[in-house]
Amino acid sequence: MKIAAKILGCGTLAVAALFSVYYYNLDMKLVRFVIAPVLDKHYDSMQREHVI
């Protein structure tokens with residue numbers, strides 16, 4: 001019974017965490033504020049072969 005309660009509790013916490021990520025759009029906020037600036041800096045510093 002204790003194992004079932006622990007599994008149910010962990011499942012409930014996982015669903016709550018995933019729902020909050022979905023509801024507040026936290027994955028796209030992470031991409032916008034953390035990953036995009038790093039990628040922009042990398043690609044802006046690359047030497048261009050063809051100038052448009």
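1. A residue counts as buried under 20% relative accessible area, exposed over 50%, and partly exposed in between (1.4 Å probe, protein chains only). By that scale, Phe 19 at 49% relative accessibility is partly exposed, Tyr 23 at 55% is exposed, and Tyr 24 at 49% is partly exposed.

2. Some background for a new reader: this is a predicted model, where local features need pLDDT of at least 70, side-chain atom pairs count only at pLDDT 80 or more, and totals for chains, interfaces and linings use all residues. Residues are numbered from 1 along each chain as its sequence is written, and side-chain values use heavy atoms, with hydrogens and water left out.

3. Now to the rings, which pair if the centres of Phe, Tyr or Trp rings (for Trp, the six-membered one) lie within 6.5 Å; planes under 30 degrees apart are stacked, over 60 edge-to-face, the rest tilted. The structure has two aromatic pairs. Phe 19 and Tyr 23 are stacked, at 5.7 Å centre to centre with 25° between the planes. These two residues sit four apart in helix 1 (residues 2-23), which means about one helical turn separates them. Tyr 23 and Tyr 24 are edge-to-face because their planes are at 90°, with centres 5.0 Å apart. Phe 19, Tyr 23 and Tyr 24 make up one aromatic cluster.

4. Do look at Tyr 43 too: this residue lies in helix 2 (residues 26-44), helices being DSSP runs of H or I with at least four residues, numbered from the N terminus. With 45% relative accessibility, Tyr 43 is partly exposed.
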